[in-house]
Amino acid sequence: MSQHRASHQGHDHGQDHGHGHGHHHDGTHQDSTDLDWNQIGPLLERQAEVASSAYAEAAAWLGTLAPVYGIRRVLDIGSGPGVVTGLLAEAFPVAETVAVDGTPELLVRARDRAESRGLGARVSTLHAELPEAIGTLGEADLVWAGNSLHHIGDQRAALAEFAGILRPGGLIALVEGGLPTRHLPWHIGIGRPGLEARLDAAYADRFAEMRAGTPGSVDEPDDWRALLAAAGLTPAGTRTFLTDVPAPVSPVVRELAVLHYQRVRESFGDRIDADDRKTLDRLLDPADERSLHHRTDLFHLTARTVHTARKG
């Protein structure tokens, strides 16, 4: 299974990678056999770093729902390169925090990142293909699944298995849903206004196809509170965390926006009309003064929702 990974951190956050395809917080999916993880790993880290303040805020909130010093083992499911793993380790300072992912190259990055941040003694990595390996992950006081559950065909069954590895009083946190990332205003001076809304619609169709094509897929509404309750857990609250990087943006945020639109153009440009494809081509042309490379109105705004539940 894969993270942010959307990216923790998307996709937008280096979580959500593995399990046959990569999902990035910029909202695109690709077959993992096509991916060069050594090239994409740094991108996923930068995506997650842009959203790190929101994820740190989310981790701090979890510390108000569970006793910080009572959390002894944390599983970061679909960890990708481990940006959120490190934030969780910092938020729960006596815990062993485990980065769990299906892509070995990303786990190497997670290990290196933990070492570089002085967390190596408390952060470990575990290569696991989910959902098959959920039962092998061991018990945990906190299970964080960042934009990873939607890559499992039977989400209801997976949540029941996650509930089974939670210790009494333990907490599960699902990062699912929120708002689509925005990079541009409604009227950008080229093409028809409202480009990103139309891209959202194209992506929604692509996401539906991804879900339907996931092995063992069950058509399940995204009522996360009800699904958590059905797993025998007690819902403990839902909050949404904002990543707000206004214009003018840093070179890193600009680079991520360019890469996002490149992937959109390559992955589902055939799902939009010819005028919008032409607009995308202009946005991606460095020689065009209205391209993403030169725009002064470029920003990064997104919201990620965290759903929590407690065992017992």
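# A walk through the fold

Let's start on the outside: Asp-222 has a relative accessibility of 54%, so it counts as exposed. Asp-222 sits in the loop between helix H6 (195–213) and helix H7 (224–230). Follow the chain and Glu-176 is 46 residues away from Asp-222, yet their C-alpha atoms are 8.7 Å apart in space.

Before going further, a word on what you're looking at. This is a predicted model, in which local features need pLDDT of at least 70 and side-chain atom pairs count only at pLDDT 80 or more, while totals for chains, interfaces and linings use all residues. Residues are numbered from 1 along each chain as its sequence is written, and side-chain values use heavy atoms, with hydrogens and water left out. The labels H and S come from DSSP runs: helices (H or I) have at least four residues, strands (E) at least two, and both are numbered from the N terminus.

Now find the sheet. It is an open one of seven strands in the order S6-S5-S4-S7-S8-S10-S9, and the pairing is mixed. Here two strands pair if DSSP finds at least two bridges between them. Which strands stand at the edges? They are S6 (123–127) and S9 (233–245); each has a single partner strand, so one side of each has no neighbour in the sheet. On average, neighbouring strands are turned by 20° against each other, direction ignored. For angles like these, axes are lines fitted to C-alpha atoms (for helices, over the stretch in contact), and the angles run from 0 to 180 degrees between N-to-C directions.

Zoom in on one pair of strands. S4 (residues 73–77) and S7 (residues 140–146) run parallel and are joined by four bridges. Look for Leu-75, which stands opposite Val-143 in S7.

Next come two helices that lie across the sheet strands. Helix H3 (residues 83–91) lies across S4, S5 (96–101), S6 and S7, and runs at about 165° to S5. Helix H5 (residues 155–165) lies across S4, S7, S8 (166–182), S9 and S10 (300–311), at about 140° to S8.

On to charges. The structure holds 19 salt bridges, a salt bridge being a side-chain nitrogen of Lys or Arg within 4 Å of a carboxyl oxygen of Asp or Glu. One of them joins the side chains of Glu-45 and Arg-113, at 3.1 Å from N to O. This pair links distant parts of the chain, with Glu-45 in helix H1 (residues 37–50) and Arg-113 in helix H4 (residues 104–116), 68 residues apart. Both Glu-45 and Arg-113 are buried. Another salt bridge connects Arg-271 and Glu-209, whose closest N and O atoms are 2.7 Å apart. Arg-271 is in the loop between H8 and helix H9 (274–283) and Glu-209 is in H6, so the pair ties together parts 62 residues apart in sequence. Arg-271 is partly exposed at 33% relative accessibility, and Glu-209 is partly exposed at 48%.

(For charge, Lys and Arg count as positive and Asp and Glu as negative; His and the chain ends are not counted.) Asp-297 does form a salt bridge with Arg-295, with the closest N and O atoms 2.8 Å apart. As for Arg-254, a polar atom of its side chain lies 2.9 Å from the backbone oxygen of Arg-295. Leaving aside neighbours within four places in sequence, Arg-254 is in contact (heavy atoms within 4.5 Å) with residues including Val-249, Leu-292 and Leu-298.

Most residues other than glycine have a negative phi, and most peptide bonds are trans. A cis bond joins Leu-130 and Pro-131, with omega about 15°, and Pro-131 is in the loop between S6 and S7. The bond from Ala-247 to Pro-248 is cis too, with omega near -5°; Pro-248 lies in the loop between S9 and H8. Asn-147 has a positive phi, near 50°, and belongs to the loop between S7 and H5. With a relative accessible area of 5%, Asn-147 is buried.

Note on methods
Buried < 20%, exposed > 50% of the residue type's maximum accessible area, 1.4 Å probe, protein only. Polar contact = N/O pair within 3.5 Å; in protein donor to acceptor, adjacent residues only side chain to side chain.
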